[in-house]
Amino acid sequence: MFRLRTLCAFSWREFHFRSFSCEPLIIQMNKCTDQEQIFDLIERNKETLSEKQVECAFNNLWQLQKQKTSLLKNVEYVGDHPQFFTLHNLTTNKIKLMNDDTLVNVLYITQQFDVKAHDPLIQALVTEAWKRMESRFDIKVLSTFSTCLADQRLYLSPLMGKIADIVNRNLETIQDLRSLCVLMVNISSLISQHFQEQLVNKTELLFDNMSSPEVDIAKRIVQFLQNVKYRYYPLLERCNKVFLDNMNHLDLDSISKIFDEYQFLQFYSFEFVIVAKKRLTEMIPLFDNPASFVKLFVALGPVAGPEEKKQLKSTMLLISEELTSQQALAVVKAMEDMESRNSHLIKKIASVLHKHLDNYKPVELLKITQALIFLHFQSKALFVKLRELLLSYLKVSVIPSEISILVYAISMLPSPHLDETSVSRIEAVLPQCNLYGLNDFATSVLRWIQYDHMHMSSITGKQLKLLQKLDHYSHQRLQQSNNLDLLWEEVKSLKEDWFRESLVEETIAALHRLMDGMNCMNVSKIASFISRTNYLSTLLLDKIASVVIEQIEKIHPFSILAIILPFSILNYDPPQRNEFLGTCMQCLNSHLVLPSSLRSRVQFRLMELNRAVRLECPEFQIPWFHERFCQQHYNKDTGSMNGAQLQIYKMLAEVLGGINCVKASVLSPYYHTVDFECILDKRKKPLPYGSHNITLGKPPGMYWESNTRIVGSSLPPGAERIAFEFLDSKAFCRNVPHIKGKSAMKKRHLEILGYHVIQIPHFEWNSMALSQKDARLDYLREHIFGAGKS
């Protein structure tokens, strides 16, 4: 029976190949439906295979491989097959005979079958390609070769640099956007800013000339913009439209990657979120294995609605014990993004994390720490083990960024105390750290100091000494900076407290020194930074205005808000005010289609604009059309008073003759909130409000009619309303006692509405001159009634 089965199998193979024998070998290979058939052909024809037949064998093996459900497992099977080794040896002997397409194609497919970079065949193919690429490779072959190098992680190699140079010299003649996009992604680590701009401009031109841009091209463009950290709105919007039009063709991996890239670039598309959410929700029943479901959970969870989140969490509970270490890490980070409060699921995932804690790298331990702290998870055993692991890594680590990560993670845990050895290790790497690393160290030390102050009521000398060193190296880093874009990359994420206290002056000085590097690509970033610092630098603001005027055609309308914000916040008009604001308005007028994701913010800004034009430009006769919006927006608790406001409230009651003569938290017509209000008759005598005074901390009352005549409304003849505004430090520029735009505009508007406005700056109220109660009472009397009045 065994001999009969063997004879039958042999006869089938003889018959099968006899039917192929009369056809050319390439046709026979193309007809194969299984990789074993190709290997049989290789075995029977290994003495006569040509370079074209070798390429055909590789091509068909790869096409059949892509049809397999278990790709990784089958790659190992093919790579270990004896006839693959035969094909490998045949290829080595025929490299010189291959044309350019065949050479690079064979290299690409060989790498897909996990042949290592140090393999002699790979080395020989790369070497031959290097020799040919300058004079012979067309753009398509060059792009495939760059992908082969990228697969070997040779992004910074001289060979990739040579490819970048070829692209640079031939950019004008390139018309194949698909190949160009592949090249752009692979050479992105090596290009200058000027070359980057050229690539973006060329991409934009070719993109607009395509009748129907492909999804793969759009994905690579967004990947390139992420690689070079360039949020270029025109291309992002074009690519986003391609994604929206082809959402049914995007799989889970593609949508997840686009979400990550958009988040990195801070590009928000409400439309994409809505459509992607619908597509991902449809996938929920399709995935029952942990690997795929975790990907879905991570992508959909942060944008899902209540029902979808409930469904995701219930399924995750069922599979939580099957998760790998990396899957559990991905899930806990997604739960942090979702702001999950499902304690049962948090405990389940934390248990998996605890089990695999020894396998995580330092940066992963930081992510775990951040997520668990944010999720309010408490487990002494897990946190103790986390601390032990972090300290053990800290004892052996020599990489500054890694040490910074470890110390930052330790500072978040209960008992963030560090011993002398750890402190010495921090001090040793400080000269090598950039500002971001130094900032993380400073934040960690400040947490340490805060903890010691709360639990030990003392601050050790080594903590203060470490802060002094951090301050020294940070100032040194800023003084040595010589490139505006590199400086921005370091300062953009600095934590507010330490930065505001220690580095703002030196940072502004560095920006002054480097401001000639300001251009259309970084002007909105610098403007946002100035808004964040509250530091009035007329020199920098004047430079921003001149750059905008000169380069407005290269600035996207979405950047205009960030650009004009510091001028509004800091209450500053540049010398070329009219030209600057007019240029910004023209840019906005050319692009009045705003994304839905900005709807609430935009609506609030429109309300402020409507109010400002209505009050300050009555000649335009603009109606007030935000009444309902304001009623909804302000129909909520205004919060409690701070200490200074409470003092002022009590003293105003004393000065004015009783609590019923002063009103707190008042809404004016057009919805400005007034800290305190009183009314004086024509003889400067306070008028009582009676029973309609409000309780502190409750929603403010607006008892004027906002659609009536404003000045003198609802007052006895000769009487006046007085508005009191306490101006804390946030109402002034950081470096000079110059009132910021919001408070100045509010005073203007209240005066138009008929108020007499008394602003009480914090530095006057808290000064030595007003340190006694009697002095403060006299201060209020003088401002209300005039000198010598009571």
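Is Tyr 233 buried or exposed, and what is its relative accessible area? In this predicted model, local features require pLDDT of at least 70 and side-chain atom pairs count only at pLDDT 80 or more, whereas totals for chains, interfaces and linings use all residues. Residues are numbered from 1 along each chain as its sequence is written, and side-chain values use heavy atoms, without hydrogens and water.

Tyr 233 is buried, with a relative accessible area of 10% (buried, under 20%; exposed, over 50%; partly exposed in between; 1.4 Å probe, protein chains only). Phe 267 also counts as buried, at 5% relative accessibility. The ring centres of Tyr 233 and Phe 267 lie 6.2 Å apart and their planes meet at 50 degrees, so the pair is tilted (rings of Phe, Tyr and Trp, the last by its six-membered ring, pair with centres within 6.5 Å; planes under 30 degrees apart are stacked, over 60 edge-to-face and the rest tilted). Tyr 233 belongs to helix α14 (residues 233-245), and Phe 267 to the loop between α15 (252-265) and α16 (270-283), 34 residues apart (helices are DSSP runs of H or I with at least four residues, numbered from the N terminus). Both residues belong to a cluster linked by ring pairs, which also includes Phe 243, Phe 259, Tyr 262, Phe 272 and Phe 558.

The count of aromatic pairs is 18. For Phe 84 and Phe 113, a centre distance of 5.6 Å and a plane angle of 65 degrees make the pair edge-to-face. Phe 84 is buried at 5% relative accessible area, and Phe 113 is buried at 2%.

Conventions:
Helix = DSSP H or I, 4+ residues; strand = E, 2+ residues; numbered from the N terminus.
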